[in-house]
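Here's a quick briefing to read with the model open in your viewer.

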Amino acid sequence: MNIVVLEGYVNNPGDLSWDALKQYGAVTVYDRTPRDQLAARVADADIAVSSKVAWDAEALGWAPRLKMIALTSTGFNVVDLDAARERGIVVSNVPAYSTPDVAQMTFALLLELCLHVGEHSRLVMDGAWTRAKDFSFWETPLVELAGKTFGIVGMGSIGQAVCRVARAFGMQVMFENRSPKPELVGDGVRQVELDELLAAADVVSLHVPATPETDRMMDATALAKMKDGAYLLNTARGSLVDERAVVDALRSGKLAGFGADVVSTEPMRPDNPLLQAKGANIVVTPHIAWATHEARARLLSVVAANVGAFAEGKPQNVVN
């Protein structure tokens, strides 16, 4: 089979290998594939390995031989699943490969918002401690997590991993999920409706997929329902948040802080409203929660396994 990797660099900038795919066919790796080059690159492809390439009906039509799209991601909203199904194209994803890493990033953002470790380290290295009149100083309020309430929106595998960390910090947890999960309730953890969570949680953390129903779910109306002085975290998808409304909430003091590893359009656009919140208690990282070496190694291993399972006539992790 002819296997084409369309966005190789972001998954593997050179510290991993694509060799596991080579046992299934000839492999061509492109670092990046802009839309205007996609048709030429997939014209003879049997399998396309991609992450953010938009597989709409037009793009699928450019690949008459295509039998499989092996996504290097958990999310699959970039693919028109109905159109792929109609063409007999199998679409696979990689579930849960970065669960511990996203949970880790969630708390990295929260801890920075509460303790400003980076800013205080910068002050020390600039000599501020050598000039201090006391043995200790701090430039921002310092916030303790123990005893506070952590609200989780979406109690899938990542939400559950975040829950365990929150409990380890001594936080009470409430979660909202579209279906009941009584097995997760107990020992400081309870399931509630979203409005109750927003009103009571000191920290609200988003862990739901991007769907029409969740698009901008945290808009001005939802933010107004939050507890005054709460923190909002988004390590899921940028489309969940109305970024202009978040900036307004930061400026008014409604939000004590906002931490995100994702934004509405990636790479971030120069006119993104979040860039106007400089000076507020905001931390934004460039969608790196998934990108530890360990997580990327797991990712490529499962992608190769997905391709191998398809080659053997037993597709796995199929989303369409």
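Which residue lies over the face of Y30? That's R41, at 3.9 Å from the ring centre; a charge counts as over a ring if NZ of Lys or CZ of Arg is within 6 Å of the ring centre and within 35 degrees of the ring normal. Before going on, note that this is a predicted model, where local features need pLDDT of at least 70 and side-chain atom pairs count only at pLDDT 80 or more, while totals for chains, interfaces and linings use all residues. Residues are numbered from 1 along each chain as its sequence is written, and side-chain values use heavy atoms, with hydrogens and water left out.

**The seven-strand sheet**

- Seven strands make an open sheet, ordered β8-β7-β6-β9-β10-β11-β12, with parallel pairing. Strands are DSSP runs of E with at least two residues, helices are runs of H or I with at least four, and both are numbered from the N terminus. Two strands pair if DSSP finds at least two bridges between them.
- At the edges sit β8 (189–191) and β12 (282–284), each pairing on one side only.
- Ignoring direction, neighbouring strands of this sheet are turned by 15° against each other on average. Axes here are lines fitted to C-alpha atoms, for helices over the stretch in contact, and angles run from 0 to 180 degrees between N-to-C directions.
- As background, strands of a sheet pair through backbone hydrogen bonds, either parallel or antiparallel.

**Around β10**

- β10 (residues 230–234) is mostly covered, with five of its five residues buried; buried means under 20% relative accessible area, exposed over 50%, and partly exposed in between (1.4 Å probe, protein chains only).
- A230, L232 and N234 point one way from the strand, while Y231 and L233 point the other way.
- β9 (residues 203–206) pairs with β10 in the parallel sense over four bridges, and L206 has N234 as its bridge partner.
- On the other pairing, β10 and β11 (residues 255–260) run parallel and are joined by five bridges; L233 stands opposite G259 there.
- Further along, β11 and β12 also run parallel, over three bridges, with F258 opposite I282.

**Crossovers and helix packing**

- β9, helix α9 (residues 220–225) and β10 form a right-handed β-α-β unit. Right-handed means that, with the strands pointing away from the viewer, the path from the first strand over the helix to the second runs clockwise.
- From β10 the chain crosses through helix α10 (residues 243–252) to β11, and this β-α-β crossover is right-handed.
- α10 lies across β10, β11 and β12, at about 145° to β11.

**The five-strand sheet**

- Another open sheet has five strands in the order β2-β1-β3-β4-β5, with parallel pairing.
- β2 (26–29) and β5 (90–92) each have a single partner strand, so one side of each is left without a neighbour in the sheet.
- The twist averages 15° from one strand to the next.
- β4 (residues 68–71) and β5 are parallel, joined by three bridges, and I69 has V91 as its bridge partner.
- Helix α11 (residues 293–311) lies across β1 (2–5), β3 (47–50), β4 and β5, running at about 160° to β4.

**Rings and charges**

- The structure holds two aromatic pairs. Rings of Phe, Tyr and Trp (its six-membered ring) pair if their centres lie within 6.5 Å; planes under 30 degrees apart count as stacked, over 60 as edge-to-face and the rest as tilted.
- F107 and F150 are stacked, because their ring centres are 5.3 Å apart and their planes are at 20°. F107 sits in helix α5 (residues 99–115) and F150 in strand β6, 43 residues apart.
- F107 counts as buried at 4% relative accessibility, and F150 is buried at 0%.
- F107 also stacks with F169, at 5.5 Å centre to centre and 10° between the planes. F169 lies in the loop between α7 and β7, so this pair ties together parts that are 62 residues apart in sequence.
- F169 is partly exposed, with a relative accessible area of 33%.
- Ring pairs link F107, F150 and F169 into a cluster.
- Back to charges over rings: R32 lies over the face of Y9, at 4.8 Å from the ring centre.

Terms used. Contact means heavy atoms within 4.5 Å.
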